[in-house]
Protein chains: 2
Amino acid sequence: MTVPAPGLPARVRIHEVGARDGLQNEKTAVPTAVKAEFIHRLAAAGLTTVEATSFVHPKWVPQLADAEQLFPELGDLTGVHLPVLVPNERGLDRALGLGATRIAVFGSATETFASRNLNRTVAESLAMFEPVVARAKEGRAHVRGYLSMCFGDPWEGPVPVHQVVRVAKALLDLGCDELSLGDTIGVATPGHVQTLLSELNEEGVPTDRIGVHFHDTYGQALSNTLAALQHGVTTVDASAGGLGGCPYAKSATGNLATEDLVWMLDGLGIETGVDLAALTATSVWMAEQLGRPSPSRTVRALSHKE
Amino acid sequence: MTVPAPGLPARVRIHEVGARDGLQNEKTAVPTAVKAEFIHRLAAAGLTTVEATSFVHPKWVPQLADAEQLFPELGDLTGVHLPVLVPNERGLDRALGLGATRIAVFGSATETFASRNLNRTVAESLAMFEPVVARAKEGRAHVRGYLSMCFGDPWEGPVPVHQVVRVAKALLDLGCDELSLGDTIGVATPGHVQTLLSELNEEGVPTDRIGVHFHDTYGQALSNTLAALQHGVTTVDASAGGLGGCPYAKSATGNLATEDLVWMLDGLGIETGVDLAALTATSVWMAEQLGRPSPSRTVRALSHKE
């Protein structure tokens with residue numbers, strides 16, 4: 001039943017991360033043909049932004065070592081944005097060379113995670129991104145800036161809001177078109193979400209340049225999303241079937257499942273363009289490829305044999 | 001990190017249903033001594049309302065056939081409310097005879113579920129509850145009225161709000177002190193929740209007599225709870241470890257896990273009196289008794305061995 005609630009956006013753009021953020025956390029690499037079919041099926045289910053892969057060095061993310069082979073397989077997907085993650089200028093060259101028009105860089109709000117994940121300080125990582133973003137913009141590519149550990153960090157604990165705001169602004173100052181605020185270990189709660197969004201607004205960052213990226217480690221992703229929608233956010237990251245998650249988080253449960261998100265948005269009458277049945281069928285199919293059930297509550301409920 | 005959000009209550013009373021609603025859905029009965037220890041541990045973790053058992057005929061719920069043996073085992077729990085479910089006058093007599101001071105009756109907002117679960121029409125079930133509630137009130141017992149299928153029904157589909165309001169008012173008119181609005185199959189979304197609460201208010205039902213009872217079948221329980229808190233609700237049902245669920249729902253995932261709820265409320269600075277670590281340890285222990293892991297995201301994350 002569709003029952004709108006006051007003060008929520010009419011439409012939400014789902015930034016689907018399953019093919020990149022999900023599959024990069026699989027123990028073994030998924031065949032390129034399966035990835036290509038996954039992305040085609042996600043697009044056919046109505047997702048208009050499907051993060052496709054990462055042009056990071058295969059040594060670091062062997063699961064996505066086939067980016068050069070995969071990306072050309074997606075050339076027939078017209079009208080669907082296919083952003084790719086690039087870690088540095090070398091990755092950017094590879095992505096642009098294959099015709100990518102949307103790229104993403106992956107920053108950290110905390111020093112410890114920057115050090116562990118990027119082997120750099122936060123300042124050094126921003127310096128590394130500077131030419132990447134500049135050259136991407138020169139090439140007329142759209143640039144997303146991921147900002148991880150925006151709420152809590154496994155080593156540092158709670159992350160001060162002003163620290164997140166500082167790095168967020170720095171990413172925008174480099175030229176990023178949008179931010180994705182990541183609750184990488186899933187600890188956030190709704191007041192924290194709204195406070196961070198308000199502080200960003202006060203420091204001049206408009207809500208329409210902010211996406212949210214919640215993890216369901218403690219079951220909080222959807223209520224945090226509701227809080228973000230109430231603040232006016234209209235870009236929400238999610239992963240089909242709940243694939244993936246952060247290897248540094250203490251649980252196998254990771255990304256917000258796209259299906260759980262779509263169930264809520266459908267119920268609220270918020271337009272996404274996504275066909276929930278087709279999306280669920282895609283996640284059931286992908287779970288069969290991976291050999292284990294989806295952690296998404298909605299996928300499980302809708303695919304349950306009575 | 002504790003970050004309040006505006007417009008939320010300062011304190012929430014959690015109505016813990018794991019020992020009754022959870023264990024009544026187990027395939028095999030849990031030993032009485034385990035149930036007693038479970039309830040003692042829940043109380044020790046700070047829960048002040050722990051629904052203990054059901055005085056329904058053992059033929060219908062053999063899992064709780066030991067109510068007469070269990071209830072006296074809880075006599076040492078001072079300051080903790082121990083409501084029990086009673087289906088009819090016979091059950092009420094048994095409960096009052098053992099000294100129960102809080103009882104609950106279990107109604108349905110839909111005809112189909114009333115017929116399937118109670119073998120009566122909605123009107124007939126209300127007629128059956130009438131002397132139960134009247135005699136409970138004469139005995140100075142507090143009476144909760146459960147109202148199931150408030151949002152969707154597996155046979156009837158979406159349930160009209162006016163229909164729920166009508167039965168809710170009828171239960172209050174019988175003398176129920178509070179209502180528990182159940183999303184028995186877990187299909188609700190936040191706008192539907194807030195609309196039902198508003199309609200109840202407009203028909204003269206004050207929010208402080210309303211509790212909410214959400215199921216996590218589609219991952220919606222916590223965002224629906226947030227919506228209810230934003231409306232002013234301060235009584236929330238939850239089940240330790242996410243035990244139980246409705247056998248008529250299409251998924252094994254049932255009640256909102258108390259731990260997932262407490263994580264959110266702790267983060268929002270909303271007082272519950274519950275010690276999350278002690279509660280999680282209780283659910284881990286109970287999961288060992290049942291021989292399978294808790295479906296609660298928070299229990300899994302907090303008990304994960306690194």
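Start by selecting N119(A). In this predicted model, N119(A) has 67% relative accessibility, so the residue counts as exposed, the cut-off being over 50%. Now look at the chain around N119(A). It sits in a loop of chain A, with α5 (111-118) on one side and α6 (122-138) on the other. Check the backbone angle next. Phi of N119(A) is positive, about 60°, although the residue is not a glycine.

Move to chain B and select M149(B). The loop that holds M149(B) runs between β6 (142-148) and β7 (152-153) of chain B. Is M149(B) buried or exposed? At 0% relative accessibility, M149(B) counts as buried, because the limit for that label is under 20%. Its phi is also worth a look. M149(B) is not a glycine, yet its phi is positive, near 60°.

Now turn to the empty space inside. A probe the size of a water molecule, rolled over the atoms, shows where such space is left. How many cavities of 30 Å³ or more are there? The count is five. Go to the largest cavity, which has a volume of about 120 Å³.

Finish by colouring the lining of the largest cavity by residue class. Six of its residues are charged, five are nonpolar and two are polar.

Terms used
Residues numbered from 1 in each chain as written. Chains lettered and ligands numbered in written order. Predicted model: local features only at pLDDT ≥ 70, side-chain atom pairs only at ≥ 80, totals over all residues. Heavy atoms only, no water. 1 Å grid on protein atoms, 1.4 Å probe; cavity = no way out; pocket = protein on both sides within 12 Å on 5 of 7 lines; lining within 4 Å. Points joined across faces, edges and corners; volume = space filled by probe spheres on them. Nonpolar A, V, L, I, M, F, W, Y, C, P; charged D, E, K, R; others polar. Helix = DSSP H or I, 4+ residues; strand = E, 2+ residues; numbered from the N terminus. Buried < 20%, exposed > 50% of the residue type's maximum accessible area, 1.4 Å probe, protein only.
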